[in-house]
Amino acid sequence: MTTTSGDPPALPALLELLNSQDLGNRLRAVNKARELPGPEALTLLQRAIHDENARVRYAAISQMGTLSGVDPNLLLPILQRSLREDPEFDVRAAAAAALGDLKQPQALAALLEAYRRETEWLVRFSIIAALGELGNPAAFDTLVEALQDKSELITTAAAAALGDLGDPRAIPYLDPLIDSDDWQLRYRVCIALAKLGTEAARAGLTRLAQDSQEQVAVHARAALGSL
């Protein structure tokens, strides 16, 4: 591929790179897709998601939630299929994250189905975070269930997602986590309660305002001041 310095890459040259036997060339083609207009980038990425190498597929899927000038309805089935069918868990996790980035309500069913099916914690983590991005109240029960997950990272993601959801029904489920030994979880609970911003969150925020971790206490006191 030859281009004049400063010129954007040409799609045909990148497609040629994508057909290379060299993994580095194929990865470079996918990374260069960021410099293409959205519809041209999609043309390249749609081919890259079928690459035999998981790193190439991951790099392609990771871009699909942020493509500009592309109808999200074109992207949804691509990402849903990768979430459902890709053999590599990190690619499926990237697909879940990209679905969250799209913020399309139609993605909810696929994300909920995948959460029930998945056993890989990284994919489940990405799904929970994506559900928060969607902000659909129909995800409430799944997020509450995720608070009880054995993985503290998933519990933390669920607490954050419940804050993003903005449903005050989450407060009684978040309050017990204030006693967690994990200060990062307490911090996420604090942020969630602050986002919920109702009088019912005051008791939890008052406790968090006395937290031994300064970052938690400062955020809680600021939230109390805005109630």
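## Helix α12 and its packing

The buried residues of α12 pack against α10 (152–165), α11 (171–174), α13 (202–208) and α14 (214–226). Buried means under 20% relative accessible area, exposed over 50%, and partly exposed in between (1.4 Å probe, protein chains only). Packing here rests on contact, that is, heavy atoms within 4.5 Å. Helices (H or I, at least four residues) and strands (E, at least two) are DSSP runs, numbered from the N terminus. The buried set in α12 is L185, R186, Y187, V189, C190, I191, A192, L193 and L196.

Helix α12 covers residues 183–196, which is 14 residues. From first C-alpha to last it reaches 20 Å, close to the 20 Å expected at 1.5 Å a residue. That expected span is 1.5 Å times one less than the number of residues. After α12 comes G197, with a positive phi near 55 degrees.

## Basis of the model

The model is predicted: local features need pLDDT of at least 70, side-chain atom pairs count only at pLDDT 80 or more, and totals for chains, interfaces and linings use all residues. Residues are numbered from 1 along each chain as its sequence is written, and side-chain values use heavy atoms, with hydrogens and water left out.

## Overall fold

The protein chain holds 14 helices and 0 strands. Its C-alpha trace spans about 60 × 40 × 30 Å along the principal axes. Of its 227 residues, 51% count as buried. Take the contacts with a separation of 6 or more: residues 24 or more positions apart account for 60% of them.

Helix α8 (residues 121–134) has 14 residues. Its reach from first C-alpha to last is 20 Å, close to the 20 Å expected. V123, R124, S126, I127, I128, A130, L131, G132 and L134 are its buried residues. They pack against α5 (72–85), α6, α7, α9 (140–146) and α10. G135 follows α8, and its phi is positive, near 70 degrees.

The largest nonpolar core has 83 residues. Such a core is a set of buried Ala, Val, Leu, Ile, Met, Phe, Trp, Tyr and Cys residues joined through side-chain atoms within 4.5 Å. L111, I128, L174 and L193 touch the most other members. I128 belongs to α8, whereas L193 belongs to α12. Leaving aside neighbours within four places in sequence, I128 contacts Y115, T142, L143, A146, I154, A157, A158 and A161.

## The largest pocket

The largest pocket has a volume of about 210 Å³. Pockets are found on a 1 Å grid over the protein atoms alone: a pocket is an open set of points where a 1.4 Å probe fits, with protein on both sides within 12 Å along at least five of seven lines, and lining residues have an atom within 4 Å of a point. Grid points are joined across faces, edges and corners, and the volume is the space filled by probe spheres set on the points.

The lining is F125, E152, L153, T156, A157, A160, D182, W183, Q184, Y187 and R188. α10 gives the most, with 5 residues. E152 is in α10. E152 counts as partly exposed because its relative accessibility is 47%. E152 and K32 are 120 residues apart in sequence, and 36 Å apart in space, C-alpha to C-alpha.

R92 lies in helix α6 (residues 89–102). It counts as buried because its relative accessible area is 11%. A polar atom of the R92 side chain lies 2.9 Å from the backbone oxygen of D86. Not counting residues up to four places away in sequence, R92 touches S82, L83, D86, P87, E118, E120 and V123.

K103 sits in the loop between α6 and α7 (108–117). Its phi is near 55 degrees, a positive value in a residue other than glycine. At 46% relative accessibility, K103 is partly exposed.

## N53 in its loop

N53 is in the loop between α3 (38–48) and α4 (54–63). Its relative accessibility is 21%, so N53 counts as partly exposed. Beyond residues up to four places away in sequence, N53 touches L23 and R26. N53 and L23 are 30 residues apart along the chain, and their C-alpha atoms are separated by 7.9 Å.

Definitions and conventions:
Polar contact = N/O pair within 3.5 Å; in protein donor to acceptor, adjacent residues only side chain to side chain.
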